[in-house]
Amino acid sequence: MPYSLVFNFVPETLIPPDYATGRHLNALFITAVNAVDPELATSLHEQKITKAFTISPLQKIPPSRRDSPPRIPEILQAQHQRPIAPQTPCWWRVSLLDDQLFGRLSQLWLNLNPRQPWHLGAANLHITSILGTPQSTQPWANACSYEDLYETASDSNRRLRFQLATPVAFRQQKYDSALPTPDSLFRSLHNSWKKYSGIELTGFATENIFPSYFNLQTEILDFDFRKKGKASKFIGAVGRIDFRILGDVDSATIKALNTLSNYALYCGIGRKTTMGMGMALAIESRRS
Amino acid sequence: MTQIYRCHLELHDSLYFATREIGRLYETEPILHNYALCYALGFIDNPRYQTQVDSENDYRYFCRHQVPQYQAHLTKLNEQNIYVTPARSLTHTAVLNTWKYADNRYHVEMQKTQKNIPSFGRTKEIAPESQFEFFVISANPITFPKWIRLGKWMSKAELSEIQHFNNPQRRENQQFTVPYPLNPLDVMFSHHVIQFDTINMPPVSLIRNVKLEGCCYHMSQDNQTLTLPANMTYHFQP
């Protein structure tokens, strides 16, 4: 069962912008897993391709009035230029793709009053809550079994809409491409689905998908790996892109593509999804 | 015969306890832990409910060691089949208070201090008129007090029992969702917990919007259906 968990937390002291990057959040997650299951932490760390989890960049909760809850922006902040002030409510998303992961980490979700607090830079993080069920104010929290994702997917909806919330990029042979083509986008989703779901999507094909609307822009992310010969700057696309399934396509193919677009919430799209890139939401079509 | 009481609490004072301490801010979340409610309702070490504990663990106003004896106290409730769920807020507002303490004796011998430690902070408290809701599941009928006291300030709260379900319907192996907060340790050994939101608080984090599978009590009254997990008992971490 894939889970998308939102961690709400408050830092006790200032978080420098260098520590709010995907790399440090990734390290924080692995450290937290290590506290309850060192063996699992090592295996998650060593996974090379299509890792069993994804991580979002750190997000501040915008100030709100009491009568209107804070709204999560459509495009998330992928990196921070300024330090995050103490006592600023923040959130962070971790998604788990492997069926067993949530259960193995249940001790982590329930023992959040550890003797050693969680750290980002010098800041102690006070986790206030973890959301794992659908929320009206937080679109990134949810959980749904692979069977339900497949069973509830439409077999007639031909319009697939995506909100790319953090930069999306794809590896194409030697280089990276920031342009989300139907083939690269759906193949990325399909690769993750094949690895973790155990359900075969018969009829999966990308030939009849065409972009019908896009409002995209590029964003540059600097991961600052500080390693020689390792690219640290990534260019990705953020914004809206809609696809249409055109022509004579059988219902199995339509169902497969709808399943994959709903699965995007959990697995993300393209490269570096464990460093905060590739967060995407399928927007429900008004006409389905 | 199982009795289920649906209870409401209305605060008549501002309620304070530290759900978390963020630097100098001491924050009270609008959720009451079930351990705290057991003490507030007077179920602990009470001859009326036959929950007396051994003399070394007895519960009184002055406790020499100031260490909570949850396991010793609450195990007695398990023996009497009394279970209290955590309380959720129905309506609430919060107030921020700044406090400072100083030495106000008339004559103070001046001593050089080693460190300059100011003694001030802010508390976020739950304001009077806030309302909470919780359930009590018991094998025997219970008469509730009208007033109870809660939190670090022993704030006064009015207790009212709004619904009493006598012998609720019990169903086996159901998949159901409970919107009320639950104590995960008390349900996870008897039920398969599938999905939940965690609220981080000591001594045991609570969960809400819980989807679980197992035995449940099913109650319907006035076109309203309530489902609560059955077999909830106090469990403690080893």
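**Notes on a predicted model: a cavity, chain B and one aspartate**

1. Let's start with the cavity. In this predicted model, the largest cavity is lined by T21(A), G22(A), P57(A), A78(A), Q79(A), L221(A), D222(A), F223(A), M275(A) and G276(A). Its volume comes out at about 50 Å³. If you count cavities of 30 Å³ or more, you get one. As for the idea behind the search, a probe the size of a water molecule is rolled over the atoms, and that shows where empty space is left.

2. Now over to chain B. Look for three helices and 15 strands in chain B. The C-alpha trace of chain B spans about 70 × 40 × 35 Å along its principal axes.

3. How do the contacts in chain B run along the sequence? Take those between residues at least 6 apart in sequence: 76% of them join residues at least 24 apart.

4. What about the inside and the outside? Chain B has 238 residues, and 45% of them count as buried.

5. Charges next. Chain B carries 22 positive and 22 negative side chains. The centres of those two sets lie 6 Å apart.

6. Back in chain A, have a look at D248(A). You'll find D248(A) in the loop between β12 (233-245) and α7 (251-267). Is D248(A) buried or exposed? D248(A) counts as exposed because its relative accessible area is 80%, and the cut-off for exposed is over 50%. Along the sequence, D248(A) and N208(A) are 40 residues apart, yet in space they are 8.5 Å apart, C-alpha to C-alpha.

Terms used
Residues are numbered from 1 along each chain as its sequence is written. Chains are lettered from A and ligands numbered from 1 in the order in which they are written. Side-chain values use heavy atoms; hydrogens and water are left out. Helices (H or I, at least four residues) and strands (E, at least two) are DSSP runs, numbered from the N terminus. Buried means under 20% relative accessible area, exposed over 50%, partly exposed in between (1.4 Å probe, protein chains only). Contact means heavy atoms within 4.5 Å. Lys and Arg count as positive and Asp and Glu as negative; His and the chain ends are not counted. The place of a charge is taken as NZ of Lys, CZ of Arg, CG of Asp or CD of Glu. On a 1 Å grid over the protein atoms alone, a cavity is a set of points where a 1.4 Å probe fits but cannot get out, and a pocket is an open set with protein on both sides within 12 Å along at least five of seven lines; lining residues have an atom within 4 Å of a point. Grid points are joined across faces, edges and corners, and a volume is the space filled by probe spheres set on the points.
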